[in-house]
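I opened this model today and kept notes as I went.

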Amino acid sequence: MPTPSMEDYIEQIYNLMESKGYARVSSIAEALEVHPSSVTKMVQKLDKDNYLDYEKYRGFVLTAKGKKIGERLVFRHELLEEFLGIIGVEEENIYEDVEGIEHHLSWNSIDRIGDLVNYFKTDNSRVEELKKIAEDNKKE
């Protein structure tokens, strides 16, 4: 199982490869706000753990294992953003909140949050009712 730091790199590499078709050390470093040397070290570790195939001076690609984990990590991130939006977290706080909690939840918790999101999405009146509760609580 990857560490939270490894997850951040895998998720970022997956996102870059999906959007651009490739991921460069400089792009990963910029997105994660780390030094390129840190990215190179992590890429080597991810290669050693079979999350990606790395060839010095040539680049890297995610392995099947890395792609599968990347998909799950992106799903988790998007699900948590959607959940926080549904429960009324202010838009400007959502991304940072997700970054703060995503590595601390079990996949069982993620699945249950997914169930709750689906529950709210199947009947929009539930979302409206929750918004009303939040508004009423602000007045108190």
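Predicted model: local features only at pLDDT ≥ 70, side-chain atom pairs only at ≥ 80, totals over all residues.

My entries follow, starting with the ground rules.

**Ground rules.** Residues are numbered from 1 along each chain as its sequence is written, and side-chain values use heavy atoms, with hydrogens and water left out.

**Entry 1, the largest pocket.** I looked up the pocket volume and got about 280 Å³ for the largest one. For the record, a pocket here is an open set of points on a 1 Å grid over the protein atoms alone, with protein on both sides within 12 Å along at least five of seven lines; a cavity is a set where a 1.4 Å probe fits but cannot get out, and lining residues have an atom within 4 Å of a point. Points are joined across faces, edges and corners, and the volume is the space filled by probe spheres set on them.

Which residues line the largest pocket? I listed Asp8, Glu11, Gln12, Asn15, Ala31, Leu32, Glu33, Val74, His77, Tyr95, Glu99 and Glu102. Helices H1 (4–20), H2 (25–32), H4 (64–86) and H5 (91–101) are the elements that each give two or more residues to this lining. H1 gives the most, with four residues. Helices and strands are DSSP runs numbered from the N terminus (helices H or I, at least four residues; strands E, at least two).

I also sorted the pocket lining by class and found four nonpolar, three polar and five charged residues. The classes are: Ala, Val, Leu, Ile, Met, Phe, Trp, Tyr, Cys and Pro nonpolar; Asp, Glu, Lys and Arg charged; the others, Gly among them, polar.

I found one cavity of 30 Å³ or more. The largest cavity holds about 30 Å³ of space. Its lining is Met1, Pro2, Glu7, Ile69, Arg72, Leu73 and Trp107, and H4 gives the most, with three residues. By class I noted five nonpolar, no polar and two charged residues in the cavity lining.

Where does His103 lie? I placed His103 in the loop between H5 and helix H6 (107–121). His103 is buried, at 19% relative accessible area; the scale is buried under 20%, exposed over 50% and partly exposed in between, using a 1.4 Å probe and protein chains only.

Its side chain makes polar contacts with the side chains of Asp8 (2.8 Å) and Arg76 (3.5 Å). A polar contact is a pair of N or O atoms within 3.5 Å; within protein, one must be able to donate a hydrogen and the other to accept it, and residues adjacent in sequence count only if both atoms are side-chain atoms. Leaving aside neighbours within four places in sequence, I found His103 in contact (heavy atoms within 4.5 Å) with Pro4, Glu7, Asp8 and Arg76.

I counted nine salt bridges, each a side-chain nitrogen of Lys or Arg within 4 Å of a carboxyl oxygen of Asp or Glu. Glu102 and Arg76 make one of them, at 4.0 Å from N to O. Glu102 is in the loop between H5 and H6 and Arg76 in H4, so this pair ties together parts 26 residues apart in sequence. Glu102 is buried at 0%, and Arg76 is buried at 2%.

Next I checked Lys121 and Glu82, whose closest N and O atoms are 3.2 Å apart. Lys121 lies in H6 and Glu82 in H4, so that bridge ties together parts 39 residues apart in sequence. Glu82 is partly exposed, at 32%.

Asp136 and Lys132 pair up at 3.1 Å, N to O. They are four residues apart in helix H7 (residues 124–139), about one helical turn. Asp136 is partly exposed at 30%, whereas Lys132 is exposed at 51%.

Most residues other than glycine have a negative phi. Glu33 has a positive phi of about 55 degrees although it is not a glycine. Glu33 is in the loop between H2 and helix H3 (36–48) and is exposed, at 74%. For Asn50 I read a positive phi near 65 degrees. Asn50 is in the loop between H3 and strand E1 (52–55) and is partly exposed, at 47%.
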